[in-house]
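This report describes the packing, the surface and the charge pairs of one protein model. Please read it alongside the sequence and coordinates shown here.

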Amino acid sequence: MTVKHDYYEILGVKKGSSIDEIKKVYRQLALRYHPDRVAPDKKKEAEAKFKEISEAYAVLSDSKKRSAYDQFGHAGIDQRYSSEDIFRGADFESIFSDLGFGGGVFGDLFDLFGGRSTRRRGPRRGEDLEYKLSITLEEAAFGVEKKIDIYHTVICAACGGEGAKPGSKKSVCPACKG
């Protein structure tokens with residue numbers, strides 16, 4: 001049996017903290033412990049910490065769950081809510097946006113579940129990469145690591161993908177021969 005820590009301690013906030021304070025602290029912690037933002041040797045620890053702070057935020061940011069938690073502790077929420085219920089009201093959109101994700105799949109998911117969508121600033125998202133790979137049943141069951149090569153297009157820094165430098169009379173960019 002795993003021992004659950006106090007949600008207020010996990011986030012490092014006081015019991016009377018406002019939703020805005022909890023959200024601010026959660027965003028900082030989520031960015032710090034997101035598994036995609038840590039060294040590979042720290043990934044497992046970061047995943048566990050990220051799940052822990054996300055669960056704490058999901059409960060403390062929902063007034064009904066927070067009230068039940070304040071009154072009964074973990075017993076007040078563990079048996080009343082499934083893990084899907086705990087994360088249903090969590091606002092992960094801003095975290096993914098801060099990590100450089102947004103629009104696309106994440107934006108569609110937030111729209112689907114009633115979240116607000118934000119336009120991503122910066123370059124437009126490119127096409128998804130797809131790679132067909134066959135694995136054996138044993139590899140699927142026990143896991144496997146395989147090295148693959150992904151071919152992708154890189155925009156020329158000299159011409160920006162236009163084929164010639166802006167203002168140039170040449171019709172072909174000498175850097176990319178576009």
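The model is predicted. With a relative accessible area of 41%, Val144 is partly exposed, because a residue counts as buried under 20% and as exposed over 50%.

## The largest nonpolar core

The largest nonpolar core has 18 residues. Those that touch the most other members are Tyr7, Leu11, Ile53, Leu60 and Tyr69. Four elements, α1 (7–11), α2 (19–33), α3 (43–60) and α4 (63–72), each give two or more residues to this core. The most comes from α3, which supplies six residues.

Which residues does Leu11 touch, leaving aside residues up to four places away in sequence? The contacts of Leu11 are Ile22, Val25, Tyr26, Leu29, Ile53, Ala56, Tyr57 and Leu60. Two of these, Ile53 and Leu60, are also among the core residues that touch the most other members.

## Salt bridges

Side chains of opposite charge can pair when their charged atoms come close. There are three salt bridges in the structure.

One of them joins the side chains of Lys49 and Glu52, with an N to O distance of 3.7 Å. Both residues are in helix α3, and because they are three residues apart there, about one helical turn separates them. Lys49 is partly exposed at 24% relative accessibility, and Glu52 is likewise partly exposed, its relative accessible area being 25%.

A salt bridge also links Lys65 to Asp62, where the closest N and O atoms are 4.0 Å apart. Is Lys65 buried or exposed? Lys65 has 6% relative accessibility and so counts as buried, whereas Asp62, at 25%, counts as partly exposed.

In the salt bridge between Glu139 and Lys146, the side chains meet at 3.5 Å, N to O. Lys146 has a relative accessibility of 41% and therefore counts as partly exposed.

Technical notes. Residues numbered from 1 in each chain as written. Predicted model: local features only at pLDDT ≥ 70, side-chain atom pairs only at ≥ 80, totals over all residues. Heavy atoms only, no water. Buried < 20%, exposed > 50% of the residue type's maximum accessible area, 1.4 Å probe, protein only. Core = buried A, V, L, I, M, F, W, Y, C linked by side-chain atoms within 4.5 Å. Contact = heavy atoms within 4.5 Å.
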